[in-house]
Amino acid sequence: MHDHDHDDNHLDPMSARVRALETILTEKGLVESAALDAIIETVETRIGPRNGAGVVARAWAEPDYADWLERDAPAAIADMGHTGRQGEHIRALFNTPQTHNMVVCTLCSCYPWPVLGLPPVWYKSPPYRARAVRDPRGVLAEFGVTLPDATQIRVWDSTAEIRYLVVPMRPAGTDGLDQAALAALVTRNSMIGTGLALEPGR
Amino acid sequence: MNGPQDLGGRAGFGPVVSEPDEPLWHAGWEPRALALTIATAALGHWTLDEVRHAREKLPPAFYLSARYYDIWLTALEALLIRHGELTPDELAAGHARQPGLRPDRHLPAERVAATLARGGPTERPARAPARFALGDRVRTRNLQPETHTRLPGYAREKQGVIVAVHGAHVFADSHAHGLGENPQWLYGIRFEPEDLWGEPGGAQVHIDAWEPYLEPA
C-alpha cells in the first residue's frame, strides 16, 4: 500500500483510469477540477473522528448535552458545528455496563461522515460486514476487546438513511479531566463499537 | 437483489483485519475517485440509491475482491454511460468525443462547501398514518426482488419488535429505479439472535426497515 511517484506517461492502471475520467468530464464541463480539490479538502480537514470525539467528551461532561444527544442527535451534533452528508438522520447509542452497541452496514458502507469521517477499509470489507451481525463477540476479540459475559451486545445494521454513533462508556479515573483531555480518550473504533474508550495515562 | 453486497451472516471471509494508524487514502487516485463520485451527483441524473444499486450489480467476483474505491469508480463509469454522459469510446480514448448533456448543472467549486453541508435529508411528510407502533411484533416479508432493496437476506421472513419509528423516508426500493421518492414509514426493528440464526447466543440485531417490508406477526 504505497504510492510511487509517476510521471504522466507511466501511470498505474487505476490512476490512468481516474485521470481519463476526470479529463473527459472536465472537457464536457460536467466537473471542475477545483471543485474536486474542494471536495477532497473537505473530507480531509472538515470531517473525521475528532469531531465525534468532541461530541462524546461533551456528552460525558455535560448531562444536559447527553440528554439532548439522546433525544435529538442531529441538533446536538450541529451545535458542535458538524452537519452534512451522511449525518442527516443520526442517532446516538449510549453504551452502559449492561449494553454494548456496535454498528455495521452489511449492505454497503453507510457511516456517519460528519462525526467519524470516511470509514476505514475494514468497515467496508466483507469479513466485518459478514460477521458483525452473526458473531460480534468473535469480531470484538479480533479487535482485542473482551466484554463481560453479562454485557449484552446490540448490533445496529445501517440498512436505511439513519446513521449511528456509539457513545462509549466514560473510563474510570477521568473526573478531573477537561473536555479536550476527555476527547483524546475517544477513539474512532470506540464510536463504531469495535473498541472502548482509552483509560487515562495508558 | 440477492447480490454480492448482501453479506450479513455469510461465512468464509476470514477474520477482520484492521490496519493500525490507517491512512485516509491508500493510493493517490482514491480521493479523485471519491470526489468525481460526489461531484457528478450534482448533475441530477441519478439518486444515491441508484448509485448503491449500480455498485451491487457489478459482477460478484469483482465486487468481493476489488478495492472499495474501484467499486465506486466502476459503478460511476456505468452510471455515466447509462445516463448518456459518457461512451465506452471516450473512456478508451481518454478524451471527450461529444458534448456533455448537463454542464449547466455541474458543481462549481464555490458551491462545494454548501452542498456537502446540506447533505440529502430523506425524511418526508407522511401520506398515511403509521401502520405499526413501538412494541409491535412484526414479521419481515419474503421479498426477493431482482431490483434494489435494503432488506438484508439474513433478516427476511423473521420476527422482530418495533423499537423506533423514524418517520416517513424516501423509499430506497423505488428511488433506486427512477420511480420517485414514494416515502414510506421507516421503523427500527430488533431481532433476537435465535430468531435470526436458529440458535441462542450471539447478539440482538437491529435493522431499519420501511413499512412495505413488514407485516404483523
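Visitor: How do you know that the span of helix H2 (residues 33-45) of chain A agrees with its 13 residues?

Guide: At 1.5 Å a residue, the 13 residues of H2(A) should span 18 Å, and the end C-alpha atoms are 18 Å apart, so the two values agree. The expected span is 1.5 Å times one less than the number of residues, and helices (H or I, at least four residues) and strands (E, at least two) are DSSP runs numbered from the N terminus. This is a predicted model, in which local features need pLDDT of at least 70, side-chain atom pairs count only at pLDDT 80 or more, and totals for chains, interfaces and linings use all residues. Residues are numbered from 1 along each chain as its sequence is written, while chains are lettered from A and ligands numbered from 1 in the order in which they are written.

Visitor: What puts the buried residues of H2(A) on the same side?

Guide: The buried residues are Ala35(A), Leu36(A), Ala38(A), Ile39(A), Thr42(A) and Val43(A). They cover an arc of only 160° around the axis, which puts them on the same side of H2(A); the arc is that of the directions from the helix axis to the C-beta atoms. On the other side of H2(A), Ala34(A) and Thr45(A) are exposed. What covers the buried residues includes H1 and helix H6 (112-118) of chain B.

Visitor: What makes the crossing of H1(A) and H1(B), and which residues form the contact?

Guide: The axes of H1(A) (residues 13-27) and H1(B) (residues 29-41) come within 9 Å and cross at roughly 30°, where axes are lines fitted to C-alpha atoms, for helices over the stretch in contact, and angles run from 0 to 180 degrees between N-to-C directions. H1(A) contributes Met14(A), Ser15(A), Val18(A), Leu21(A), Glu22(A) and Leu25(A), while H1(B) contributes Trp29(B), Arg32(B), Ala33(B), Leu36(B) and Thr40(B). Two residues are in contact if their C-beta atoms, placed from the backbone, lie within 7 Å.

Visitor: How many residues does each chain bring to the whole contact, and which element of chain B gives the most?

Guide: Chain B brings 77 residues and chain A brings 65. On the side of chain B that touches chain A, H1(B) gives the most, with nine residues.

Visitor: What makes Asp21(B) stand out, and why does it count as exposed?

Guide: Asp21(B), in the segment before H1 of chain B, has a positive phi of about 50° although it is not a glycine. Most residues other than glycine have a negative phi. With 4 C-beta neighbours inside 10 Å, Asp21(B) counts as exposed.

Key. Buried ≥ 20, exposed ≤ 12 C-beta atoms within 10 Å, placed from the backbone.
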